[in-house]
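These are my notebook entries on a structure that I looked up. The entries follow the order in which I consulted it.

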Amino acid sequence: MTNEGGRGLSSKLWAMQAKYAPYLFVAPFLLLFCAFMVYPLLRSISMSFYSYAGPHTSRFVGLGHYRYFLGDFLLWIAVANTIVYAIVYMGLQIPLSLGLALLLNNPRVRFRNLFRFAFFAPYLVGNVFVSVIFVLLLSQRHGLIPKALGFFNPAWLEVSWLGDPINARIAIVVASLWLSVGWGMVFFLAALQGVDRELYDAAAVDGAGPWSRFRHVTLPGIKPVMTFLVVSGTIGALQLFELPYVIFLQHGSAAGPKWAGLTIVMYLYQQGFDLGDIGAACAVGWFLVLLILGVALVQIRISRAGREEES
Amino acid sequence: MSFHLGKPILVMLILSVVCAAGLALRPGKRDRADLLVWVFAEVHQKTYQGDGKPTTQPTLVEQFRRRTGKRVAIEMVATRSEDVRLVSMFMSDARDVPDVVELEISSVAKYLRPPTSDIGLLPLNDFLTRSGWMDKVLAARFAPWSKNGVIFGVPHDVHPVTLVYREDLFREAGIDLPAMKTWPEFRAACLKFQDFWRARGVKNRHAIELMNSSADHLIPMLLQRHMNPIDGGGTIEITKEKFVETVAFFAECVAGPTQIASQSPAAAGGLARDLIEGNICVFVTPDWRIDYIKEYAPGLAGKMRMMPMPIFEPGDSRTATWGGTMMGIPRNCKDPEAAWKLIEFLYFSKEGLDARRQYSAILPPVITQWNDPVYQRGDPYFGGQQTDLLFIEMAKELPARYVTPATAIANGYLSKVIVDAATFVERHPGDHAALVAQCREWLTGIARDLRRRIEHGKFDE
């Protein structure tokens with residue numbers, strides 16, 4: 001009787017444990033996720049309807065921040081800068097990464113691993129470090145790049161790379177590419193190695209040349225990775241902040257000459273931490289969320305349409 | 001006994017229990033010093049707690065501990081990081097705040113945005129009056145740290161601006177630069193200087209450093225004429241005729257046929273290298289820049305001289321101010337009296353002055369300290385010139401500088417106007433009247449926009 005009772009309790013406990021253990025394991029994540037993601041997100045929506053100045057000083061403005069920002073040309077300069085940057089950056093990053101990957105996937109290239117590491121290495125050092133390096137490289141009269149250009153034409157030694165609005169934008173794109181081309185290359189390399197070799201053999205038997213093989217075998221094979229890189233790269237590009245911030249802060253103003261370095265996130269930062277209105281910063285944040293969501297949806301839809309067309 | 005979810009899950013579970021137990025049982029938080037001070041500049045940190053090298057004199061914080069029994073910890077926090085952390089602390093009315101904070105002039109406006117009763121810093125008028133320092137500190141230096149007459153910060157410095165220049169190169173060109181008392185005379189002399197060197201094949205020798213893509217050097221010129229982009233009362237001054245003329249003059253200095261300037265890169269020791277190589281021969285220099293020049297260009301000792309800034313017209317100041325630091329007490333500081341005593345000791349005491357001189361040439365804002373013999377010496381780096389005395393002389397003429405939350409935006413606009421005006425000068429060389437008219441139009445548009453922004457961010461008292 002006692003044994004039976006004990007066995008019953010034990011199996012009851014086991015059954016309870018089996019039932020609730022999964023929830024217990026998920027609980028820490030859920031708690032943290034709710035505390036540090038869901039709550040701040042919801043709170044930031046409500047904060048975006050207020051203007052804040054101090055801990056006890058706030059004013060309900062409703063959609064006031066949104067209305068104000070939509071009429072603020074500085075925000076539109078930031079949007080234009082960010083979108084132009086994203087287009088130019090993505091337009092160069094994907095082909096360059098793919099080109100490097102194709103080159104370094106070729107067995108005839110010697111020291112491939114060394115080159116792979118060399119191209120990937122800038123990604124490891126991060127935005128701030130790359131910014132500092134580029135400030136040094138582009139430094140008027142003293143940087144490596146003006147010095148090299150000055151060798152051909154002494155007037156180029158005096159070119160202000162970070163003080164001219166056009167040059168400054170070029171500098172940001174080049175610095176971003178230097179940082180991220182190797183990162184894209186690694187993804188493409190993995191994707192290239194996953195393409196079925198037999199497809200190349202079959203294409204060769206059918207008389208396909210290198211371009212046809214690339215277009216009809218390689219590209220379809222790496223398309224999922226390319227979609228991922230385009231979507232994640234675009235999201236990253238729309239969140240551009242540290243690179244221009246660090247580069248131009250040393251040059252007088254974080255926004256750069258004629259706001260050449262002003263991005264949406266920098267505009268957000270200025271609202272929150274330069275002007276001190278956290279509510280306004282939240283409103284800009286939600287504007288950015290909607291923008292990224294829209295762009296990502298369009299990209300995914302285009303990619304899906306492409307897949308459906310192929311199939 | 002087997003665990004029905006598998007061994008890996010069991011191991012993770014055990015690990016999480018062990019970690020949780022470890023966290024729960026960890027020893028209590030390390031004892032906090034009695035007073036925690038946040039500073040953003042390395043030279044300030046060195047001044048207060050030494051540079052680690054053995055010295056005969058104890059550090060300032062050690063001397064303070066011996067006097068009061070209060071332990072002080074100096075924490076170095078980068079300016080931007082300090083901004084983010086302090087804004088978050090003040091906005092959330094956090095209790096665990098540093099007891100004393102040093103803030104940089106370009107950061108302070110946002111902290112003064114709320115109504116005075118809700119500003120995260122403690123009003124210091126009573127402390128200053130009670131201790132008598134109110135009358136001993138240069139009054140103009142309270143302006144950036146005040147709102148509606150309430151003072152929230154004690155000034156660390158004065159930062160008068162002078163011009164330092166390569167006397168050897170100007171002498172060789174036969175130009176007596178200090179004889180140029182007005183900016184137009186100065187520009188004419190600089191053009192002569194550049195022509196002299198260009199005729200000798202030195203093509204890239206520019207007379208003076210003026211930024212052509214930011215307002216950093218335009219602001220001192222405007223201050224000389226007693227104009228701030230936005231004054232202490234919130235009045236936008238950028239449409240005043242003097243303001244417009246100054247912007248136009250500046251544009252003609254950085255571009256076109258009367259260009260006498262180039263900009264020096266902040267990175268790579270650019271300023272010092274430009275001075276050493278003679279690429280740029282005059283620098284607009286507040287006292288904090290002197291140490292930098294001496295450290296990175298020691299070989300120029302004896303070749304450098306200092307002079308007051310030229311003026312535009314009688315009534316202008318021969319100096320301006322560039323940069324600045326304050327020390328304040330957060331409202332939630334647990335022991336404001338002790339924090340005030342520390343500020344007094346670090347900023348106003350004889351010991352504080354000695355430590356400051358050990359690490360920098362920064363002039364204190366306490367007028368009585370300017371009589372100290374340490375400021376009467378000649379400086380061999382400047383050929384024996386009494387540069388500290390010149391700084392003191394300039395400090396007496398210091399124009400008031402105001403910063404408001406919209407000042408940073410105004411400066412951004414001014415940077416844009418400089419770039420546009422420089423382009424205009426390149427396209428229409430010599431057409432001064434057209435340039436002035438164009439600058440007036442730009443600045444009028446900017447003033448309209450600034451008014452809208454100020455209105456949007458305003459909180460009534």
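Which pattern does chain A follow when read along the sequence? I read it as α-β-β-α-α-α-α-α-α-α-α-α-α. I counted 11 helices and 2 strands in chain A; helices (H or I, at least four residues) and strands (E, at least two) are DSSP runs, numbered from the N terminus.

**Conventions.** I noted that this is a predicted model, in which local features need pLDDT of at least 70, side-chain atom pairs count only at pLDDT 80 or more, and totals for chains, interfaces and linings use all residues. Residues are numbered from 1 along each chain as its sequence is written, while chains are lettered from A and ligands numbered from 1 in the order in which they are written.

**Overall form of chain A.** I looked up the radius of gyration, taken over C-alpha atoms. Chain A has 26 Å, whereas a compact globule of 311 residues would have a value near 19 Å; the globule rule is 2.2 Å times the number of residues to the power 0.38. The C-alpha trace of chain A spans about 100 × 75 × 40 Å along its principal axes. I recorded 33% of the 311 residues of chain A as buried. A residue is buried if 20 or more other C-beta atoms lie within 10 Å of its own, exposed if 12 or fewer, and partly exposed in between, with C-beta atoms placed from the backbone.

**Domains.** The domain assignment of chain A gives domain 1 (2-47) and domain 2 (72-310); such bounds come from an automatic or database domain assignment. I found the centres of domain 1 and domain 2 of chain A, taken over C-alpha atoms, to be separated by 42 Å.

**Side facing chain B.** I found 36 residues of chain A in contact with 40 residues of chain B, where contact requires C-beta atoms, placed from the backbone, to lie within 7 Å. On the chain A side, helix 1 (2-47), strand 1 (50-54), helix 4 (112-138) and helix 10 (264-274) each supply at least two residues. The largest share, 3 residues, comes from strand 1 of chain A. I sorted the residues of this side into 17 nonpolar, 14 polar and 5 charged. Ala, Val, Leu, Ile, Met, Phe, Trp, Tyr, Cys and Pro count as nonpolar, Asp, Glu, Lys and Arg as charged, and the others, Gly among them, as polar.

**Helix 10 of chain A.** Why is helix 10 of chain A largely enclosed by the rest of the structure? I found that 10 of its 11 residues are buried, so helix 10 is largely enclosed. Among the buried residues are Ile264(A), Tyr267(A), Gln271(A) and Asp274(A). Just after helix 10 of chain A, Gly276(A) takes a positive phi of about 80°.

**Leu96(A).** I located Leu96(A) in helix 3 (residues 73-104) of chain A. Leu96(A) counts as partly exposed because it has 17 C-beta neighbours inside 10 Å. Not counting residues up to four places away in sequence, Leu96(A) touches Leu177(A) and Val181(A).

**Sheet of chain B.** In what order do the 5 strands of the open sheet of chain B lie? I recorded 9-8-10-7-11, with mixed pairing; two strands pair if DSSP finds at least two bridges between them. Strand 9 (261-262) and strand 11 (304-307) of chain B stand at the edges, each with a single partner strand, so one side of each has no neighbour in the sheet. Strand 8 (residues 206-209) and strand 10 (residues 280-286) of chain B run parallel and are joined by 2 bridges. Ile208(B) stands opposite Val282(B) in strand 10 of chain B.

Note on methods
Two residues are in contact if their C-beta atoms, placed from the backbone, lie within 7 Å.
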